[in-house]
Amino acid sequence: MRRALTEFVHEVRSAGIRVSVAEAIDSLRAASAVDFEREPLREALAAALVKDESDRDAFDEVFDRFFSGGDEARSKRRRKSAAGAEGAPGRGRGEGAGRSTTPPEEPRDRPGGARRETTDRRRDAAKPDGRRKLSERRALAGKPFRDLDPLEAERLPDLAAAIARRFRARLRRRLRRGKRGRLDFRRTLRKSVARGGAAIDLELRRRRPGRLDLVALCDVSGSVRHASEFFAALLEPCRDYFRRVRLLVFVDRPVAASVEEGRLIPEETVDFHAFSDFGRTFVAAEEALGAALGRNTVLLVLGDARNNRRPARADALARMRSRVRSVWWLNPEAESRWGSGDSAIESYRPHVDMLLPASTPAELVAALARVTR
């Protein structure tokens, strides 16, 4: 049982939850204090390992995955670990004897999502076809949305699901160390151990930020539709971290929509063959959203601003900007084409807090990473 719990602690660390050596020892004691029934064991381990309630969802996911296979799955993991130890250098006599073969722990200051992504990549690479899948995933992430064929577009939700874990990990860690703020009593006590219990070095934490309201206007015309679908697939696993989320899709007028299984589902009929009209969309959205636009609201626009030389109506966007906290614009078109032809992006730029390129899945992910800092 001790070996199984040690493996479990390693899985918890891989999920982005920090676990010290002392807490790992506490988990062994906690497990020995309860009967080995599933729910009492879950709560005992959570009491020893989970320091922040926002990490509880990640802990439960690891617990369910680790203990779902029973003894057979755990035995298989132990055999695999033992086989790796036998083939590793330094286990016997000769050069390298006495050296530890345990891979170094990920840096403690590394973001939890990054640690988990690194672990997932290593696991995938260890599978027979892991390298091929990773290569295909990277190729898909770097391909422009407008150049995707139907089969590649069908793979976007799977790519988004793999990436969404990083955003969940980032949003889950709501408390961060800071140079000013409230005293973090728990971390201060732990740091005082090295000084004989004297609380000389104070650990502080920033204020817990409140949850925002998100209003997203997503262009679903032509090749831009793939970018909107990918954004929706990324947003779906993370929507619980916003207080309210409202989605509107548009070609020439806004229509309320929802996300189901990573897909945008309009609540009314959308004319996908109409000519794009951002001006008309902004005027109608301003009227339809009403009280949904407030000082706690972030307005996100995902579109290429190709307006077919119709009135841009930047004044409507300016009025919405005056009512919300900020406006972010993600443009799925190559930056070299902004402002050319019928693009009205330069008319909207003065009323946008952040204008970011998002012509490929990788660029869209990078843009959202900047937005969610």
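How many helices and strands are there in the protein? The protein has 15 helices and 10 strands, where helices (H or I, at least four residues) and strands (E, at least two) are DSSP runs numbered from the N terminus. This is a predicted model, in which local features need pLDDT of at least 70 and side-chain atom pairs count only at pLDDT 80 or more, while totals for chains, interfaces and linings use all residues. Residues are numbered from 1 along each chain as its sequence is written, and side-chain values use heavy atoms, with hydrogens and water left out.

**Confidence**

- The average pLDDT (the predictor's confidence in each residue, from 0 to 100) is 79 for the protein, and 76% of the residues score at least 70.
- Residues 70–74 stay under 50 in pLDDT, and the model gives them 3 contacts beyond four places in sequence; a contact means heavy atoms within 4.5 Å.
- The pLDDT is also below 50 over residues 124–128, a stretch with 7 contacts in the model beyond near neighbours in sequence.
- Where pLDDT is low, the predicted coordinates should not be read in detail.

**Overall fold and surface**

- Of the 373 residues in the protein, 45% are buried; buried means under 20% relative accessible area, exposed over 50%, and partly exposed in between (1.4 Å probe, protein chains only).
- Among the contacts with a separation of 6 or more, 69% come from residues 24 or more positions apart.
- The accessible surface amounts to about 20800 Å², and carbon and sulfur atoms contribute 49% of that area; the areas come from the Shrake-Rupley method with a 1.4 Å probe, and for residues only the protein chains shown count as cover.

**Helix H15**

- In helix H15 (residues 361–371), the buried residues are Pro-361, Leu-364, Val-365, Ala-367, Leu-368 and Val-371.
- Viewed down the axis of H15, these buried residues fall within an arc of 160°, so they line one face of the helix; the arc is that of the directions from the helix axis to the C-beta atoms.

**The loop between E8 and H13**

- Asn-308 lies in the loop between strand E8 (297–302) and helix H13 (314–323), and its phi is near 55°, a positive value in a residue other than glycine.
- Asn-308 is partly exposed, at a relative accessible area of 30%.
- Arg-313 belongs to the loop between E8 and H13 and likewise has a positive phi, near 50°.
- Arg-313 is partly exposed at 35% relative accessibility.

**Salt bridges**

- The structure holds 24 salt bridges, each being a side-chain nitrogen of Lys or Arg within 4 Å of a carboxyl oxygen of Asp or Glu.
- Arg-313 pairs with Asp-315 in a salt bridge (3.0 Å, N to O), and Asp-315 is partly exposed at 32%.
- Salt bridges that share partners join Arg-38, Glu-39, Arg-42, Glu-43, Arg-56, Asp-60 and Asp-64 into one network.
- Within helix H11 (residues 224–235), Arg-225 and Glu-229 lie 4 residues apart, about one turn of the helix, and they form a salt bridge whose closest N and O atoms are 3.9 Å apart.
- Arg-225 is partly exposed at 33%, whereas Glu-229 is buried at 14% relative accessibility.
- Arg-319 forms a salt bridge with Glu-286, with the closest N and O atoms 2.8 Å apart.
- Arg-319 lies in helix H13 and Glu-286 in helix H12 (residues 278–289), so this pair ties together parts that are 33 residues apart in sequence.
- Arg-319 is partly exposed at 35%, while Glu-286 is buried at 17%.
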